Each structure stands twice: as structure tokens, then as C-alpha cells.
Amino acid sequence: MAGFDAVPSFDLKRNYARVEPEIKEAVERVLASSQFILGPEVAEFEKEIAGYLETARAVTCASGTDALILALMALDIKPGDEVITTPFSFFATVSCITRLGARPVFADVEPDSYSISMQLVREAVTSRTKAFIPVHMFGQMCRLEDIEDTMSERGIAIAEDCAQAFAAHRARGGGIARAGTWGTLGCFSFFPTKNLGAYGDAGMVTSASEELAARVSRLRVHGSASAYLHDEVGINSRMDAIQAAILRVRLRHAETWTEERREAARRYGLLFAEHGLAEHLTPPSETPGNRHTYHQYVVRARRRDELQKFLAERNIASRVYYPLALHLQPCFACLGYKKGSFPEAERLTEEVLALPMFPELTMEEQERIAGAIAEFYKS
Ligand SMILES: *Cc1c(COP(=O)(O)O)cnc(C)c1O
């Protein structure tokens, strides 16, 4: 509608304006050093982020997708092995399994957290299960306490997909566990739109095991621990120093930006309640013990497609993550799943809508969004 500024789904320009001098200084430092791949800048970032996450080792790589592939390679996942995961996630969660010739085995999700159901994971375990990839959907950790004993008794590794959950944590015992430190390995993406984003592609694998971390750091440089000597065949997946320097700056602000996202989520909740939208729209729920980092603010909405169109006409952006469940992707037809195999995940693909969410989102913008949604359901 005329007269209204657009509300974007995500706005990196506003974020850049807050850190521009720091970023420029960091990038110039790398340019002056002329050391562009791995090197001291990357090593410093690995040390700092391992410190932040309170984990033994952080090994960077070229993307979140590579982080998942490297993690499964380090776990020796091979053809014939089964890896359990969710049908409701980004494509890379599953493609890393088939890339190694292993078989993805899906278990359906919970309707409230959008994450994989641990009860159904337990039922999906067979003698061929070698690993489990829980995905901490949209910034909130899965109920790993419900499955960790089953997995450790059977020697099944847990490779957490933390691409959407940087800085999330969950109650464990008397304390907390951060995403990426609960399982055998943690896999992160620093794609620019993730909560801790680089200004290009980048990723990371974390582990408490020195042995696994050392293997990942070999695998990311062609399986080589010392120059031109190869113990095994790896891949080329290195972080570049410019991304590391940028991530070092952005890591220093990560806590503030996480809290700003949480505050925006709280405001959405209040606004929806004020407008009495409960029967039309279900806001995301933060399950007890979690710090949800709201990588995405995903509601379940009645007449989702019409609502999305209505918002677009009023210059309000929204996105559907994800419009098709992974077991229904054409490239996975060979796995033999059908429509109806995972009803909860399939229902989500028809109802979910991601509303604008980023640290700089303003109250005024949120009032406009909530007002427009209320207007839609009155019509
Ligand atoms: C973004 C994402 C990935 C892949 O990360 P890239 O850095 O884009 O390769 C994997 N899993 C999930 C759940 C993601 O959201």
C-alpha cells in the first residue's frame, strides 16, 4: 500500500551501520597481512568462539553444509549406514547423509517446537543406525536429554545441526548446555543471514573430543595433517581470513543481538494477544529450559497463503520455511517415503510463516505487522 515503507524479513544493512568502523578495521588488517586462507586470524576466531561456547575445540570450514559433511566423514559414515534426522529442515541436513552414500531415516516432528520427536527417533533406531542429526529448529534446542542415554548405550553418534541455533542453550543437569556442545559434534553455519553471520560462506564443527576435532581439521585440508602427506582423502573446505576477522567482530556483539531478537519475539507475543489472534495464529513456543534465539520467528497461521499475500500487498515481507518436507523432495523419491509418511511435518509445510525478525526490527514495524494480521482475519 502506498505511503508505507517496506518491512523486510531481514535487514543486514541496518546491522552493518552499527558495526561499520569495526568491520572495516578488521578487513583492512587482513588485507595488510595478505594471509587470506586459514592462518592466525582464523586460529584466533576458533579460540574465541570455543571460549564463548565453552567447548574444547572449534574447527572452522567453508560452510554449514561442509560442516555437516565433515562431521559425518569424521564419524566414518559409510554406504549402508543409517542416519536418523528430521524431514522438516533445510535441505543440507539430509544431503550430507546421501553425499556419503548413507541412508537418511526420518522421524516426524513435534507440532509445538517444530523439532524432531525423540520418542519417534527411538522407534527409528535399527542395528544399522550409526548417527543421529538433531536440528535445533529456528533457534531452539531439541529435547536431547530424552535420547542421549539411548544413543550412548548403542554407540550412536549425535551430530547436532546448529546452523539456526548459535547462542541457544538448554537446561542440562543443574546447569546449561549450549547448542553444539551436547552431542558428539556440533555443526554451525555462518551464512550471512544466520544469527552469527559472516559476509560470505563459512561454517564450523565443534567437539569436546580432541581426536574428532583433529580429524575434522585434517579432513578440511584434503586429509593432510602435515604438508603434502595425506593419511586419508579429505575435501577442500577452509575458512578465509576475511570472514574470520568479520566474525570476530560480530561475535563480540552476539549476546546483545540475541537479546534484541528475544525482546522482539516478546513484543510479537504481546501484540498478538492484544489483537486477540489466538484462534487464527499460533506463535512459536519456547519450551521449558530453553533459551530460544529466534533465528526465525515462525508462527502457524490459518489460511497461510492468503495471509502472506495480504501482508505482501501491504509491503510486509514474510517467508515460508519450508514449503516442502524433505521426504517429498524429488531427489529423495528413491527412499520410498510417500505423502502421509510424516503428517506433522507435512502439516507444518502448509501452516508455517516466518515473520520479519532481526535485532534492529522496531516496535513501530511490529505494530504495523500485528495490525495488518488482525485486519486480515477480520476480513
Ligand atoms: C543454513 C542451514 C544449513 C547449511 O548452511 P550453509 O552455510 O548455507 O551451507 C544446514 N542446516 C540448516 C538447518 C540450516 O538452516
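This is a predicted model: local features need pLDDT of at least 70, side-chain atom pairs count only at pLDDT 80 or more; totals for chains, interfaces and linings use all residues.
1. A polar side-chain atom of threonine 65 sits 2.5 Å from a ligand oxygen. Glycine 64 uses its backbone instead: a polar atom there is 2.8 Å from an oxygen of the ligand. Glutamine 164 brings in its side chain, with an N or O atom 2.9 Å from a ligand oxygen.

2. **Two domains.** The protein splits into domain 1, residues 13–252, and domain 2, residues 254–378. Their centres, taken over C-alpha atoms, are 25 Å apart.

3. **The contact between them.** On the domain 1 side, 46 residues take part, and they meet 46 residues of domain 2. Together the two domains bury about 3900 Å². Carbon and sulfur atoms account for 56% of that area.

4. **Polar links across the boundary.** Between domain 1 and domain 2 there are 28 residue pairs in polar contact, counting pairs with both residues at pLDDT 80 or more. On the domain 1 side, five elements each supply at least two of the residues that touch domain 2: α1 (12–33), α4 (92–99), β3 (103–106), β6 (169–172) and α8 (241–252). By class, that side of domain 1 holds 23 nonpolar, 12 polar and 11 charged residues.

5. **Salt bridges between the domains.** How many salt bridges are there between domain 1 and domain 2? The count is three. Look at arginine 18 and glutamate 360, which form a salt bridge with their closest N and O atoms 2.8 Å apart.

6. **Salt bridges overall.** A search of the whole structure gives 35 salt bridges. Another pair to display is arginine 14 with glutamate 365, a salt bridge whose closest N and O atoms are 2.7 Å apart. Arginine 14 belongs to helix α1 and glutamate 365 to helix α12 (residues 363–378), so this pair ties together parts that lie 351 residues apart in sequence.

7. **What to view together.** Two views cover these points.

How values were computed. Residues are numbered from 1 along each chain as its sequence is written. Side-chain values use heavy atoms; hydrogens and water are left out. Domain bounds come from an automatic or database domain assignment. Contact means heavy atoms within 4.5 Å. Buried area is the accessible area (1.4 Å probe) that two parts lose on being put together, summed over both. A salt bridge is a side-chain nitrogen of Lys or Arg within 4 Å of a carboxyl oxygen of Asp or Glu. A polar contact is a pair of N or O atoms within 3.5 Å; within protein, one must be able to donate a hydrogen and the other to accept it, and residues adjacent in sequence count only if both atoms are side-chain atoms. Helices (H or I, at least four residues) and strands (E, at least two) are DSSP runs, numbered from the N terminus. Ala, Val, Leu, Ile, Met, Phe, Trp, Tyr, Cys and Pro count as nonpolar, Asp, Glu, Lys and Arg as charged, and the others, Gly among them, as polar.
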